[in-house]
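Subject: Structure handover and notes

Dear colleague,

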Amino acid sequence: MDQKVRVRFAPSPTGGLHLGGVRTALYNYLFARQKGGDFILRIEDTDQSRYVPGAEQYILECLKWCGLTPDEGPEKDGGHGPYRQSERKALYSKYAQSLVEAGFAYYAFDTPRDLEAMRQGMKSAENPSPQYDQHTRNLMRNSLSLPEAEVQTLLENGTPHVIRFLMPDNEEVVFTDLIRGEVRFSTALLDDKVLLKADGMPTYHLAVVVDDHLMEISHIFRGEEWLASTPLHLLLWKRLGWENELPRWAHLPLILKPDGKGKLSKRDGERLGFPVYAMSWKDPKSGDEVKGFREIGFLPEAFVNMLALLGWNDGTEQEVFSLEELTEKFSIERVHKAGAKFNYEKAKWFNHEHIKQSPAEDLLPVFKEILQEKDVQADDTRLLTILRLIKERCTLLPDLWENSFFFFQRPATWDVESVQKKWTAEKRQFFGELSDQFSSIDPFTAAVFETSFKALA
RNA sequence: GCCGCGUUGGUCAAGAGGUUAAGACGCCUCCCUUUCACGGAGGAAUCACGGGUUCGAGUCCCGUACGUGGUACCA
């Protein structure tokens, strides 16, 4: 029997949900849906110093807006909760302790200053970032280097300490990444990562492994920035005795800056004039607000479609997909290995296509929302007619208004249907009449009006 | 520095030894249009470099270069 597919999206509540984050959630979601599995949301808030109030709620809203509602999460218990790591704090130390007892981890009493001193002291041109590893751990204050009695005393006195993983001296760790194939690392180059922090909170490394196991996660799809720490995670799975329940890993390529180099960041959006967050995010500390794709006028289906195609395609020429189609056609093996530069023009093209393809009925609610802001009233029949005329010329949702406002400025005695009839009947003559009626409106608007009806005639 | 991952037009990309190397975005030209758009028809533009292997390499191997990630009591 194959294990049930269970995947998770595990963001840190540190700010707005960025393009890359949404795409990670999306790939997880698509895979879960396609395999009849579960999609779980887990909040990774183990770093209290980086916690941002409101971020969790924001993440949830983003997922909902995108149509990627989790099957389990802080809002919906699926029997594997709690789904916030801060609420699972008590769980982790047990596992860390068991690793110490088994000789796979040890206590370390070094202060941040000690660590800094070691790094500064050992730093050289050949080794600019010395690690806490087999070469240095005996120089530090830990339960490996200190006499047992002293360790006991330190522990009993409540001396602040962490638990570090004891990285084997020279083992080869090999695993198969679903996207990259076989990847191998030598533990000789890896360091003794902190597992449990002095405040009793686990680090990411301990928490993911414990939680993924407890939550029975079968597949881990996450950003490429985690590839290098996968050997540690794999070792942890084994040392914790879960070797027979290993998940499958797939490391997703990064989304890069359109120009220059590096990962796409919030700054790039501001600099280049496009959103990087799914929805507007207001930093509670600075009060700065950054607009998101939703507020700029993207349809969630288009946003998700665009994201899906950034690093994946189904091998055909099709580019416009609904969420349902994506669910059906997605395959993790076809995800690219290389990072992709984000292209805002192409993103807008996706939105344009989705607006064009949407039935007027689907666009009606958004349209009415926009009209309400403009304080314009009209009955649905007329609105639908207008939508059918203008939607194909709209790229962003606000264009719905830009391309229709003149309909609401015409004399009240005119209705779309009769104007249309008139136009079809006596094209030329009508236009002259139209011009007179619209003498107060700028020529461009009048012309758009004309073209629109002509398209229909 | 070290380790990992990657490299097809400006961008997203198809391609899994033999192709005129798809398609899309953007750009340019033309058509449609009494103006803007939409739409239509064309066009320019690519296999990072160097060695192999092979009758034959974008596709396989090895180097180099470049990019990118990691190297935290952050995730």
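Predicted model: local features only at pLDDT ≥ 70, side-chain atom pairs only at ≥ 80, totals over all residues.

Residues are numbered from 1 along each chain as its sequence is written, and chains are lettered from A and ligands numbered from 1 in the order in which they are written.

The whole chain

Chain A has 18 helices and 13 strands, where helices (H or I, at least four residues) and strands (E, at least two) are DSSP runs numbered from the N terminus. Of its 457 residues, 35% count as buried; a residue is buried if 20 or more other C-beta atoms lie within 10 Å of its own, exposed if 12 or fewer, and partly exposed in between, with C-beta atoms placed from the backbone. Among the contacts in chain A with a separation of 6 or more, 72% join residues 24 or more positions apart, a contact being two residues whose C-beta atoms, placed from the backbone, lie within 7 Å.

The sheet and the strand pair

An open sheet is formed by three strands in the order S3-S4-S7, with antiparallel pairing; two strands pair if DSSP finds at least two bridges between them. Strand S3 (105-108) and strand S7 (194-196) stand at the edges with a single partner strand each, so one side of each is left without a neighbour in the sheet. Neighbouring strands of this sheet are turned by 45 degrees against each other on average, direction ignored. Strand S4 (residues 162-165) pairs with S7 in the antiparallel sense over two bridges, and Arg164 has Val194 in S7 as its bridge partner. Helix H3 (residues 89-101) lies across S3, S4 and S7 and runs at about 105 degrees to S3; for such values, axes are lines fitted to C-alpha atoms, for helices over the stretch in contact, and angles run from 0 to 180 degrees between N-to-C directions.

Elsewhere in the numbering, strand S8 (residues 219-223) pairs with S9 in the parallel sense over five bridges. Phe221 stands opposite Ala250 in S9, and Arg222 stands opposite His251 in S9. Together, S8, helix H7 (residues 230-239) and S9 make a right-handed β-α-β unit, right-handed meaning that, with the strands pointing away from the viewer, the path from the first strand over the helix to the second runs clockwise. Four of the five residues of strand S9 (residues 248-252) are buried, so S9 is largely enclosed by the rest of the structure.

Helices in contact

Two packed helices are described by the angle between their axes and the distance between the axes. The axes of H3 and helix H6 (residues 204-214) come within 10 Å and cross at roughly 100 degrees, and the two helices are therefore roughly perpendicular to each other; angles under 35 degrees count as roughly parallel, over 145 as roughly antiparallel, 65 to 115 as roughly perpendicular and the rest as oblique. Leu91, Tyr92, Tyr95 and Ala96 of H3 make this contact with Leu206, Ala207 and Val210 of H6. The residues of the contact of H3 with H6 are seven nonpolar, no polar and no charged, where Ala, Val, Leu, Ile, Met, Phe, Trp, Tyr, Cys and Pro count as nonpolar, Asp, Glu, Lys and Arg as charged, and the others, Gly among them, as polar.

Helix H1 (residues 19-34) packs against helix H10 (residues 300-308) at an angle of about 85 degrees, with their axes 10 Å apart. The contact joins Leu19, Val22, Arg23 and Leu26 of H1 to Val304, Leu307 and Ala308 of H10, and by class it has six nonpolar, no polar and one charged residues.

A single residue

Thr327 has its place in helix H11 (residues 323-329). With 16 other C-beta atoms within 10 Å, Thr327 is partly exposed. Not counting residues up to four places away in sequence, Thr327 touches Leu30, Arg33 and Gln34.

With best wishes
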